[in-house]
Amino acid sequence: MPETTAPVLIVGAGPTGLVLALWLTRLGVTIRIIDRAERPGTTSRALAVQARTLEFYRQIGIADDAVAGGVKVPAINLWVSGRPRARVRIDAIGEGLSPFAFALVYPQDAHERMLSDHLERAGIRVERETELVRLEQRVDGVSATLRTQTGEEQFQTSYVAGCDGASSTVRHQLGIEFPGGTYQGYFYVADVHAGGPLVNDELHVDIEDADFLLVFPLKGAGNLRLVGLVHGSEKPDHAVTFDDVKSRAVDRMQLSNAKVNWFSTYRVHHRVAPRFRDGRAFLLGDAAHVHSPVGGQGMNTGIGDAVNLAWKLAAVLKGEAGAAILDTYETERIAFARRLVETTDRGFTIVTRQGSVARTVRTRLVPVIAPPAFRFPAIRRLLFRTVSQINVSYHDSALSEGTTGAVVAGDRLPWIRTNGSDNFAPLASLRWQVHVYGRARNELEAECSALGVELYEFVWNEAARDAGVREGALYLVRPDGYVGLADADADVSRLRTYLRCVRR
Ligand SMILES: Cc1cc2nc3c(=O)[nH]c(=O)nc-3n(C[C@H](O)[C@H](O)[C@H](O)COP(=O)(O)OP(=O)(O)OC[C@H]3O[C@@H](n4cnc5c(N)ncnc54)[C@H](O)[C@@H]3O)c2cc1C
């Protein structure tokens, strides 16, 4: 059996594994990425790419490609039993909160192709038809048994990233459970080409008794994604076809000449692994958590896991941080995954609950209340903050220290426009950096240079005040754009102590 090595083995080349590979490669870490499938996925699956994901992509220079590949959705139309009831604009719903203030639909297959292309340009190819079958951990590394087209191979690595989806082999090998359950009802998803009033690049939501239909715009005139519940079919899941569900979409929503490009049914699970790490092996993405697609969070959460782990692994491998920093991956990401499963669970229950009260709320109350509510800036902002994942924070992390103005350490750095640019531009270095809005204290420059962190001084302006930062305060920003230390006094000794702890 041949024996080979690399510091990080990434198991699984879905969106989670691909982003982890890209980020680590950008940080100069040698990786190996394998996938047991013969070829990349060819189906659209997850559609929503949230603003926080695009912010991460901007850091590694791929956001423009994602935006160009997708469709920006300008409005949501609410229908009740096939009748249009309300339309709300969402084209600039996150104005002032993120450089990506819109809702983006980008099918997962095209998205994965874009990520793979960038990885190949960086000199890394996904090794296909290569499956992880066994893991053995030692104190100083991990021994992985891989099944390749030419037989079994023994691979030695420092760390293993399990990005291998809901039935993760890495999770099984680590003996980590996957508690939770499966919802009773199940969905269909159909990518169709059709005509009719719904073909206008907007999102359409039709609600009725105990049912709903979502119609997403896809790239190319007439291309749509339908998502709905399968009702009253006696057939097993895999035998259900578009013909069994199409009457609602075609007749009620007036789709004409609908041709199906892809049809699938799927059951929704809600599960979170109790641990995201065992020694030198980590779980990320669907391997660690699965939940209902309400709010389009699943894939984006996996990408968030990948970014969170990438810079920490790179720092440890390069000797820039102590191994203790790896403990913060689980603390930070498991808390968010648990909250997410709870909220998407509630959302899923609301949209699928049967009974007269639920029906009245969905079909009478929501169409009346939602449009005026949407006009309140505070409600629009809250909705954007929550769905876009810019609100994800790590307040309880060992890496979070201090509060200054409205910024609590562990928050994502608030986005602030500056003259002709913004405060997110420097995040492309993927390095720790100190931000000061207003004049920095004299000794800060010398201290940052001695500590090997970048210092950025931004003009103090109205946008900074509105974002809740404090003039002259020190914000130490992590490589993933979260605030590690917030200090109103910009005390250099506090900065020194913080970084010493990280590096120990
Ligand atoms: C029909 C369908 C519709 C969906 N719709 C939505 C939606 O609308 N919104 C949403 O947010 N999410 C949706 N999802 C979920 C979304 O696709 C997942 O959340 C996302 O793919 C998770 O990415 P991942 O990289 O973590 O895992 P995956 O995409 O599952 O990738 C895991 C990879 O690991 C590989 N692998 C597995 N085991 C091994 C092994 N032992 N060795 C090597 N490789 C291995 C697999 O081949 C696979 O390529 C949908 C899923 C399906 C199936």
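N257 came up as exposed, with a relative accessible area of 66%. I'm working on a predicted model here. I placed N257 in strand β16, which covers residues 256-272. I then checked its backbone: phi of N257 is near 50 degrees, a positive value in a residue that isn't glycine.

Next I looked at L430, where phi is near 55 degrees, again positive and again not a glycine. Is L430 buried or exposed? I got a relative accessible area of 5% for L430, so it counts as buried, the cut-off for that being under 20%. L430 sits in the loop between β23 (421-422) and β24 (433-437).

Then R280, which I found in the loop between β17 (277-278) and β18 (281-283). What is the nearest side chain of opposite charge to R280? I found D140, 6.2 Å away. R280 is buried and has no salt bridge; a bridge would need a distance within 4 Å. I did find the R280 side chain reaching the backbone oxygen of S158 at 3.0 Å. Leaving out residues up to four places away in sequence, I listed what R280 touches: Q137, R138, V139, D140, G141, V142, S158, Y159 and V160.

Last stop, the surface. I noted a nonpolar patch made of V357, V361, L365, V366, V368 and I369, with about 500 Å² of accessible area together. I picked out V366, which is in helix α9 (residues 356-375). V366 has a relative accessible area of 31%, so I logged it as partly exposed. Patch members need over 30%.

Key: Residues are numbered from 1 along each chain as its sequence is written. This is a predicted model: local features need pLDDT of at least 70, side-chain atom pairs count only at pLDDT 80 or more; totals for chains, interfaces and linings use all residues. Side-chain values use heavy atoms; hydrogens and water are left out. Patches are made of residues with over 30% relative accessible area and no salt bridge: like charges are joined within 9 Å, nonpolar side chains (Val, Leu, Ile, Met, Phe, Trp, Tyr) within 5 Å. Accessible areas come from the Shrake-Rupley method with a 1.4 Å probe; for residues, only the protein chains shown count as cover. Helices (H or I, at least four residues) and strands (E, at least two) are DSSP runs, numbered from the N terminus. Buried means under 20% relative accessible area, exposed over 50%, partly exposed in between (1.4 Å probe, protein chains only). Lys and Arg count as positive and Asp and Glu as negative; His and the chain ends are not counted. A polar contact is a pair of N or O atoms within 3.5 Å; within protein, one must be able to donate a hydrogen and the other to accept it, and residues adjacent in sequence count only if both atoms are side-chain atoms. Contact means heavy atoms within 4.5 Å.
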